[in-house]
Amino acid sequence: MRRYGKHTDEDDIRTRPNRKGNRPRTNIRPKHEDAAEGMVLTVDRGRLTCLVEGRPVMAMKARELGRKAAVVGDRVALVGDLSGTKDTLARIVRIEERASVLRRTADDDDPYERVVVANAHQLAIVTALADPEPRPRLIDRCLVAAFDGGLEPLLVMTKSDLAPPDKLLELYGDLDIPFVVTSREELENGDAADRVRAHLDGRITAFVGHSGVGKTTLVNALVPKERRRTTGHVNAVTGRGRHTTTSALALPLDEDEGWVIDTPGVRSFGLAHVDPSRVIHAFPDLEPGTEGCPRACSHDEPDCALDAWVEEGHADPARLYSLRRLLATRDRREGD
């Protein structure tokens with residue numbers, strides 16, 4: 001049935017009123033050229049604490065960012081109330097390009113990757129030498145994630161008063177990873193914090209480790225003004241501690257010397273997101289030898305050119321072994 005005549009006028013057309021009273025949607029997004037720069041310090045249930053011009057500002061993500069999430073360490077642009085006073089809320093309208101990312105998946109079968117920290121220069125992998133026992137497979141996985149994400153690794157071994165570090169140092173010596181060995185007594189008197197701090201100067205360092213290794217205790221020694229609750233119990237059956245750090249938090253070292261990011265304890269570190277071909281970039285002495293490799297070489301097959309490269313004396317055989325051990329980590333479950 002025809003609702004209007006042959007010669008209709010626009011006044012004859014009925015339009016539905018906008019019940020919500022809001023403006024029609026548009027694809028044109030504001031540029032926010034006057035937005036202030038900030039750094040995400042922590043994320044808690046959709047609320048983000050950001051450092052803006054030296055003061056903490058509570059903010060939320062703008063709807064226009066879609067599903068893109070900001071994480072600790074992100075450089076962001078904010079608008080709105082930037083005073084940082086109680087009950088005020090700013091809005092994050094832009095997340096700047098990341099220089100590095102620490103990512104992990106729940107397990108090796110999970111296709112969904114989670115960005116843990118952004119823009120960190122360094123990944124401090126904290127492991128106890130005893131109580132709980134070291135887990136080299138988890139350390140290997142953290143190393144692969146660091147190399148893949150553009151972070152330099154640092155190995156921090158705690159509780160040397162309970163066990164010597166020799167065995168673990170022998171395992172990772174060929175990787176040329178800087179390390180620090182600490183004991184409980186040294187943590188209490190400040191010697192351990194001083195030695196670790198020497199590796200953190202002017203850098204953003206993310207700390208990872210499974211529960212009970214003393215990671216948060218070490219962070220508290222480095223940043224005594226911002227003490228976090230630590231775990232005081234390691235399960236005698238599982239050899240694992242209870243999670244006490246539930247969210248990542250960026251803490252400033254004294255006198256603008258750098259940042260420490262404490263992350264929740266991990267019990268697994270999935271690597272489903274890692275492209276094995278990128279791990280070779282962490283071995284500059286071996287990388288030139290890959291030019292003769294067949295296409296899509298896994299660097300652990302009969303036709304791999306790295307075997308001949310090493311046999312010709314261009315690199316230490318132990319370095320090739322270390323590379324292949326880390327590449328195998330991608331296909332081997334932690335704890336195997």
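Modeller: In this predicted model, the count of cavities of 30 Å³ or more comes to one, and about 60 Å³ of space lies in this largest cavity. Its lining is made up of Ile125, Val126, Thr127, Arg135, Leu138, Ile139, Cys142, Val208, Gly209 and His210, with strand β8 (122-128) and helix α1 (136-149) each supplying at least two of the lining residues. Sorted by class, the residues around the largest cavity are six nonpolar, three polar and one charged.

Turning to the open space, the largest pocket holds about 720 Å³, and of the 27 residues that line this pocket, Ala70, Val71, Arg114, Val115 and Val116 are the closest to its centre. Strand β7 (residues 114-118) gives the largest share of the pocket lining, namely three residues, while the lining as a whole divides by class into 14 nonpolar, five polar and eight charged residues.

As for the helix, α5 (residues 215-222) is largely enclosed by the rest of the structure, because six of its eight residues are buried, a term that here stands for under 20% relative accessible area.

Note on methods
Residues numbered from 1 in each chain as written. Predicted model: local features only at pLDDT ≥ 70, side-chain atom pairs only at ≥ 80, totals over all residues. Heavy atoms only, no water. Buried < 20%, exposed > 50% of the residue type's maximum accessible area, 1.4 Å probe, protein only. Helix = DSSP H or I, 4+ residues; strand = E, 2+ residues; numbered from the N terminus. 1 Å grid on protein atoms, 1.4 Å probe; cavity = no way out; pocket = protein on both sides within 12 Å on 5 of 7 lines; lining within 4 Å. Points joined across faces, edges and corners; volume = space filled by probe spheres on them. Nonpolar A, V, L, I, M, F, W, Y, C, P; charged D, E, K, R; others polar.
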